[in-house]
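Open the model in your viewer and keep the selection panel at hand.

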Amino acid sequence: MSDATPAVQRPAPHGSRDSAFFWEGCRRGVLMGQRCADCGAWRHPPRPMCPHCQSVEREEVELSGRATLYSWAKPVHPPLPMFEPGYLIALVDLEEGQRMLSNLCDVSPEAIEIGMPLEVFFVETAEGGAVHQFRPRQAS
Amino acid sequence: MASSNGSNAAIVGTGQTEFSKSSGRSELQLACEAIKAALDDAGLTPADVDGMSTFTIDNNEDVDLVRSLGVENLRFSSRVGHGGGGSVGPLAHAMAAVDSGLADVVVCWRAMNERSEYRFGASKMSAVGGAPGAGTGFIEWSLPFGSASPAAWTAVQAQRYMHRYGVTNEDFGHVSVQLRKYASTNPNAWFYERPITLEDHQASRWIVEPIFRLLDCTQESDGGVAVVVTSLERARDLKQPPVRILHATQAVPFEFETVTNYYHEDLCSFDAGIACSRELYRRTGLGPRDIQVGMLYDHFTIAIYWHLEANGFCKQGEAADFVKDGHIAIDGTLPVSPNGGHIGEAYIHGMNNIAEAVRQVRGTAVNQVAAVENVLVSAGTSGAILSRAS
């Protein structure tokens with residue numbers, strides 16, 4: 001796997017009061033999304049107020065974990081000791097509509113297609129944290 | 001007070017230090033030297049200054065500048081966020097301060113040792129709670145994935161554009177070649193007398209594959225640049241022909257994010273640049289065809305495409321051909337950054353592009369464009385149209 005454990009661990013995400021639920025979900029192996037409890041609009045990154053109806057009432061909901069690839073890149077320089085050379089970063093569009101940055105795993109750059117279906121999984125970080133990752137999803 | 005068609009504020013002085021990789025002196029000294037040079041250029045003294053504006057990421061404090069320069073009483077002081085994208089923001093604040101009477105003489109500056117004291121473009125993997133350009137939560141959503149440098153942050157936006165319009169890294173090379181050509185005849189440019197070829201660009205190493213090579217990235221520079229803003233009325237009595245700030249604005253559209261601007265629907269469309277350009281054209285009554293020079297913020301080659309399209313100099317998706325066909329060259333339909341821009345002259349986070357805009361309007365640039373009436377400065381979340389005062 002492209003996320004084999006390097007000598008130095010990937011840094012833990014440091015969330016805010018508004019995003020703590022998201023990273024806590026990652027530690028449980030669940031991709032969490034934030035939705036307005038009044039108008040139902042999804043939003044990412046998390047924020048305290050719904051930008052559509054200004055409600056501060058919100059729901060933290062388990063997402064499907066299905067996404068499509070919006071864009072990707074392979075950082076080459078500078079090398080980072082906590083990441084395996086060749087690691088890929090990716091922007092994914094979730095089935096529920098939000099876009100987020102992550103890593104794209106288990107695929108070689110040659111096989112990547114923008115729009116390809118992806119599924120979420122999780123890896124551990126330093127300090128007992130966890131983050132979401134994406135890999136190609138077999139058509140079901 | 002501002003007239004109905006544009007501000008009555010003007011840039012009356014510009015000043016800068018040398019641009020280097022190791023200035024050998026403090027950032028405060030660079031700021032002092034640049035501001036003093038700008039005041040000298042205008043025929044003003046520090047005692048005339050009663051307003052200051054800079055970036056939130058500038059390390060110099062107004063109180064230290066007041067004490068070093070000998071400013072007698074500061075009545076107005078402000079800072080603008082969004083990193084270099086906000087670089088025209090201080091000019092907008094200076095304009096508003098002068099137009100409203102909040103201050104009479106405002107200096108805007110940016111001064112730093114981003115190469116010798118820290119590496120502005122380096123990985124921010126050790127950053128806790130922020131990094132240069134920060135001020136929002138973007139670090140939280142990037143670092144845990146190894147997206148830790150400006151090149152990586154920008155590359156995923158660029159890749160989507162490349163995918164949509166069939167643009168390649170070699171296309172980007174034409175931007176780099178043109179900016180280095182301009183720099184090669186600019187004695188103040190770091191890359192003076194050092195033009196490159198497309199082959200040089202293609203032979204430079206990957207920074208983020210398959211998007212940015214080394215020669216797609218701006219440089220890191222030590223240096224300082226300042227401009228002085230006052231009213232058109234007062235400008236008439238000063239040394240230089242005034243350069244009118246026809247309008248300057250900031251723009252933070254919905255779902256914009258500093259640096260990792262990933263959350264608006266179509267990342268091929270430069271939301272902040274479009275918002276800025278709409279406001280500038282609306283307020284001035286001008287359009288793309290009224291602009292003779294574009295000073296466009298080039299942190300990476302592709303940014304030139306984004307600014308060209310956002311400001312209507314070419315259609316969406318056509319910037320690569322616009323550049324390849326020579327339109328941004330000195331004899332093209334829209335010469336872009338004839339100082340060499342950040343890639344060729346120095347990376348003083350947009351302030352050296354404002355200084356070049358002033359020279360182009362004055363008619364004193366080394367790579368002077370003919371018959372300049374209006375220069376558009378586009379940085380992203382801020383922009384301005386600078387014009388010859390009638």
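Contact here means heavy atoms within 4.5 Å. Select both sides of the interface: the contact takes 39 residues from chain A and 32 residues from chain B. This is a predicted model, in which local features need pLDDT of at least 70 and side-chain atom pairs count only at pLDDT 80 or more, while totals for chains, interfaces and linings use all residues. Residues are numbered from 1 along each chain as its sequence is written, chains are lettered from A and ligands numbered from 1 in the order in which they are written, and side-chain values use heavy atoms, with hydrogens and water left out.

The area buried between the chains (accessible area, 1.4 Å probe, lost on being put together, summed over both) is about 3,000 Å², and carbon and sulfur atoms give 65% of that.

Next, show Arg47(A) and Glu255(B). Their side chains form a salt bridge, 3.3 Å from N to O; the term requires a side-chain nitrogen of Lys or Arg within 4 Å of a carboxyl oxygen of Asp or Glu. The count between the two chains is 2 salt bridges.

Now select β4 (66-75) of chain A, which pairs with β5(B) in the antiparallel sense over 2 bridges. Strands are DSSP E runs of at least two residues, helices H or I runs of at least four, numbered from the N terminus; two strands pair if DSSP finds at least two bridges between them. Lys74(A) has Glu209(B) as its bridge partner in β5(B).

Finally, go to the open sheet of chain A, where 3 strands run in the order β2-β1-β3 with antiparallel pairing. Its edge strands are β2 (42-43) and β3 (58-62), each pairing on one side only.

Notes: Buried area is the accessible area (1.4 Å probe) that two parts lose on being put together, summed over both.
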